[in-house]
Amino acid sequence: MRLEFTCSGCKKQNKFTPVAPTRGDLQMKIGDEVKVNCLHCGKIENKHINRIDAVNDTKKLLLALGISVVVTFILLFFFGLIGTITFSIPLLMWIQENSLIKSFNSYKIRRR
């Protein structure tokens with residue numbers, strides 16, 4: 001899971017560095033509003049934490065796919081469980097990642 005915000009000036013996605021498992025934990029770390037800087041246009045603005053969203057981290061999914069390919073080649077010679085291993089490791093990683101994203105994005109903080 002990776003946190004991102006959208007710049008209101010150039011409408012591009014930017015990575016948000018303090019990561020928390022839920023929006024409530026993020027609020028306890030940084031408060032209701034945070035000052036962010038767009039890496040594309042350089043605009044500095046205040047964002048409410050409800051405007052920060054969680055998205056899939058493709059690096060983790062590619063890592064899981066690589067591990068499953070290596071494990072598949074190793075187990076190919078011993079057990080023959082190729083299809084199950086190849087598809088189950090990235091699928092389990094994707095399911096876990098989506099459950100974290102859903103729990104983060106479904107919880108909103110009341111504005112004051």
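1. The model discussed here is a predicted one. With a relative accessible area of 11%, E4 falls under the cut-off and is therefore buried.

2. E4 has a charged partner. Its side chain meets that of R2 in a salt bridge, with 2.9 Å from N to O. R2 has a relative accessible area of 27%, so R2 counts as partly exposed. Side chains of opposite charge can pair when their charged atoms come close.

3. How many salt bridges does the structure hold? The count is 2. Besides the one between E4 and R2, there is a salt bridge between the side chains of K47 and E45, at 3.8 Å from N to O. Both K47 and E45 are buried.

4. Next, the secondary structure. The chain contains 3 helices and 5 strands. Read from the N terminus, the order of elements is β-β-α-β-β-β-α-α. The radius of gyration is 19 Å, whereas the globule rule gives 13 Å for 112 residues; the chain is therefore more spread out than a compact globule.

5. The C-alpha trace spans about 60 × 30 × 20 Å along its principal axes. Of the 112 residues, 31% count as buried. The accessible surface of the chain is about 7500 Å², and carbon and sulfur atoms account for 64% of that surface.

6. Three strands make up an open, antiparallel sheet, in the order β2-β1-β5. At its edges lie β2 (13-16) and β5 (52-55), each of which pairs on one side only. From one strand to the next, the twist averages 45 degrees.

7. Within this sheet, β1 (residues 2-6) pairs with β2 over 4 bridges, in the antiparallel sense. Which residue of β2 stands opposite F5? The residue facing F5 is N14.

8. L75 belongs to helix α2, which covers residues 58-76. Its relative accessibility is 18%, so L75 counts as buried. How far apart in space are L75 and E45, C-alpha to C-alpha? The distance is 52 Å, for a separation of 30 residues in sequence.

9. A last point concerns contacts along the chain. Taking contacts between residues at least 6 apart in sequence, 60% join residues at least 24 apart.

How values were computed: Residues are numbered from 1 along each chain as its sequence is written. This is a predicted model: local features need pLDDT of at least 70, side-chain atom pairs count only at pLDDT 80 or more; totals for chains, interfaces and linings use all residues. Side-chain values use heavy atoms; hydrogens and water are left out. Helices (H or I, at least four residues) and strands (E, at least two) are DSSP runs, numbered from the N terminus. Buried means under 20% relative accessible area, exposed over 50%, partly exposed in between (1.4 Å probe, protein chains only). A salt bridge is a side-chain nitrogen of Lys or Arg within 4 Å of a carboxyl oxygen of Asp or Glu. Two strands pair if DSSP finds at least two bridges between them. Axes are lines fitted to C-alpha atoms, for helices over the stretch in contact, and angles run from 0 to 180 degrees between N-to-C directions. The radius of gyration is taken over C-alpha atoms; the globule rule is 2.2 Å times the number of residues to the power 0.38. Contact means heavy atoms within 4.5 Å. Accessible areas come from the Shrake-Rupley method with a 1.4 Å probe; for residues, only the protein chains shown count as cover.
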